[in-house]
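Please keep the sequence and the coordinates at hand while reading.

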Amino acid sequence: MSEEALSDSRPSVYPPIRKDREALRPRPNLFDYESECAAFSWDKARALLDGLPDGQGLNIAYEAVDRHASGAKGDKAALRWLGKAGERRDITYRELSEETSRFANALKCLGVEPGERVYVMMGRLPELYIAMLGALKAGCVASPLFSAFGPEPIAVRMQLGDGRVLVTTPRLYKRKVAGIRDQVPGLAHVLLVGEGEVEGDGLHRWDRTVEAASPQFTIRPTDPEDMALLHFTSGTTGRPKGAIHVHQAVVAHHVTGRYALDLHEDDVFWCTADPGWVTGTSYGIIAPLTNGVTSIVAEAEFDAETWFDILEQEKVSVWYTAPTAIRMMMRIGTDVAKGRDLSALRFMASVGEPLNPEAVVWGQEAFGMPFHDNWWQTETGGIMIANYAALDIRPGSMGRPMPGIEAAIVRKLDSGDVEVIDEPMVEGELALRRGWPSMMRGYLHEEERYRKSFAGDWYLTGDLAQRDSDGYFWFVGRADDVIKSAGHLIGPFEVESALIEHPAVAEAAVIGKPDPTLGEMVKAFVTLRPGHEASEAMRRELIGHARKKLGAAVAPKEIDFRENLPKTRSGKIMRRLLKARELGLPEGDISTLESDEK
Amino acid sequence: MTKDEIRKLAIDILGGIAPEADFDMLEDDEELREALDLDSMDFLNFITGLHKATGADIPEADYAQLSSLQDVVAYLTAKTA
């Protein structure tokens, strides 16, 4: 690509990072982008997988585990678990197959039927992986919940998904679930992993229920369109949405692992995302296993030193992480990386929110290679747009669409249809042509919201972006008020609802305030009922209230008090205006403003 | 600063970040992030608060040495001695 060709690209102080693809070892799976895209078909991608024996369909857990367990990879480490206290435990593909079969048998013994939802909420313990994959084997729907959620988000998500089984720890159960048990009457069984005595209905100890079960289990015929995973995500309004993914999604998990993460079978791969979110499932569980690599699971929360230790000691070769972590590591500086032997590392990728060009380039300085940003969402199930090992990187860009994925920038028309904007670098909504295997098949019980996320053949992502003349996409912002904090979507409505439940609060509006490390942090503006005074004690009271209900990951970090919030004539709070003012940006169109902030 | 002063300071800062926590129940050797449900941002705010209140320089590389109340007291006692 010539320099002239970049004239329609976003002006950037960061020049493209050139790749010498011939010199890369191993040879990148996606070596020649254009020819690979031209030759690609989802049928061919499907043929990379085995399918259930005797043409019985397609099951994620079979592709991830069982097909390797019975073959040459049986004794290979599938998961390498690094415990908080310094434990290091390898689980081979054969062991993982047996453990997941035990779990599937345990579900059967409990009378859990295929199609029923099995929720998993715990830290990154081996049992989490066993339960997710075991549930898939049993034909159940696996739904991960982030363990930093508070009781309220947990209750809402379990109600929405009709949770029948929950796998968690005694500690999390006591702190977050026991108090909401009456709100989830459909929850029949709770499997408790680890030590600790808990009282309650339908409680079972993992060691007695799962470890006692048979390690032999035959996966029943699985239709590729059977529901497999339920991932929750947030919109601006209303309750969270449960995005449905089917077993066929594994075709996309697998091939995106090959192309976007460049997984080769000898890799030691580390996806740092928590399986409570979609990245930690698609790429923390499924894609590395279908590709037969060894996947690192680190139980401890982020700590920069510890992470460098893991990269070095475990000889991680492919690393998939997130902007917040990269930016935290940048604060330590490049010297820490330089004093280490990171010679095994060959490819680094990032997802969750746009990776700022400084961080892409910092990869070069600290690790001798750039971070490869990529883009996708809960609804897309897998990576859609990416920077690839063999392609030049434009720092700050999310890259180019995966083979098999057609992405476009569109503009909404009054008719409700959309039109594709072909002109380069014009802002519009990022849209994907429907039909890839890991596309969500619905929002559970929310047909109308699902329908609204499409216009004709296009899935509308809710992200605003631009495409340059060479086909690289650039993120601009969200089309709605959803907050993106540390890579996770947070619905302002969910936070506002919890605040309003406090007797002192009259109104609340929640925005994402830009933060150099988190991307955005949750900030609330609150008006108080008569008889309540704004004070530090009140601030603490409300933060504490929100944390108890919502958990640390969702609760606001900052609360400002106001006498009035800006509202439209219909009484809708104008979050956008609060945000513009918070940032000192132009207020934009305020013609609908009826009652202003005080 | 004395050990008691540091302990009190740490609890006061944590009280602003996780006001819902019951600090009487917090054991000195408990991991703060887990016991108080602190996420990475909360933990950073805690360190920033300690730095502002004591003037002690706390480089990122030392964060792992500040995981429990007793760690914090030991670390800052040495730093502010």
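**Basis of the model**

The model is predicted: local features need pLDDT of at least 70, side-chain atom pairs count only at pLDDT 80 or more, and totals for chains, interfaces and linings use all residues. Residues are numbered from 1 along each chain as its sequence is written, while chains are lettered from A and ligands numbered from 1 in the order in which they are written.

**Chain B**

Chain B holds four helices and zero strands, and its elements follow the order α-α-α-α from the N terminus. Helices (H or I, at least four residues) and strands (E, at least two) are DSSP runs, numbered from the N terminus. According to an unreviewed UniProt entry, residues 1–80 of chain B carry the annotation "domain: Carrier". UniProt positions are given in the numbering used here, feature names are shortened, and annotations may be inferred rather than shown by experiment. The span of residues 1–80 of chain B is 57% helix and 0% strand, and its end C-alpha atoms are 7 Å apart.

The C-alpha trace of chain B extends about 30 × 25 × 20 Å along its principal axes. Of the 81 residues of chain B, 30% count as buried. A residue is buried if 20 or more other C-beta atoms lie within 10 Å of its own, exposed if 12 or fewer, and partly exposed in between, with C-beta atoms placed from the backbone. Among the contacts in chain B with a separation of 6 or more, 59% join residues 24 or more positions apart. Two residues are in contact if their C-beta atoms, placed from the backbone, lie within 7 Å.

**Contact between the chains**

The contact between the chains takes 16 residues from chain B and 24 residues from chain A. On the side of chain B that touches chain A, helix 1 (3–17) and helix 3 (40–54) of chain B are the elements that give two or more residues. Helix 3 of chain B supplies the largest share of that side, three residues.

Axes are lines fitted to C-alpha atoms, for helices over the stretch in contact, and angles run from 0 to 180 degrees between N-to-C directions. A crossing is left-handed if the near helix is turned anticlockwise from the far one by less than a right angle, and right-handed if clockwise.

| Helix pair of chain A | Axis approach | Crossing angle | Handedness |
|---|---|---|---|
| helix 4 (residues 93–109) and helix 5 (residues 126–137) | within 8 Å | roughly 60 degrees | right-handed |
| helix 3 (residues 60–69) and helix 5 | within 8 Å | roughly 120 degrees | left-handed |

Helix 4 and helix 5 of chain A are therefore oblique to each other; angles under 35 degrees count as roughly parallel, over 145 as roughly antiparallel, 65 to 115 as roughly perpendicular and the rest as oblique. Helix 4 of chain A meets helix 5 of chain A through residues including Phe103(A), Ala104(A) and Leu107(A) on helix 4 and Ile130(A), Leu133(A) and Gly134(A) on helix 5. For helix 3 and helix 5 of chain A, the contact is formed by Ile60(A), Ala61(A), Ala64(A) and Val65(A) of helix 3 with Leu133(A), Leu136(A) and Lys137(A) of helix 5.

Residues 494–572 of chain A are annotated in an unreviewed UniProt entry as "domain: AMP-binding enzyme C-terminal". This span of chain A is 28% helix and 34% strand, with end C-alpha atoms 16 Å apart. In helix 18 (residues 575–583) of chain A, the residues Arg575(A), Leu577(A), Leu578(A) and Lys579(A) are buried. The buried residues of helix 18 pack against helix 16 (492–500), strand 26 (505–515), strand 27 (519–528) and strand 30 (593–595) of chain A.

**Local backbone features of chain A**

Asp262(A), a residue other than glycine, has a positive phi near 55 degrees. Asp262(A) lies in the loop between helix 9 (249–259) and strand 10 (268–271) of chain A and is buried, with 23 other C-beta atoms within 10 Å. Met425(A), also not a glycine, has a positive phi of about 55 degrees; Met425(A) sits in the loop between strand 18 and strand 19 of chain A and counts as partly exposed, with 15 C-beta neighbours inside 10 Å.
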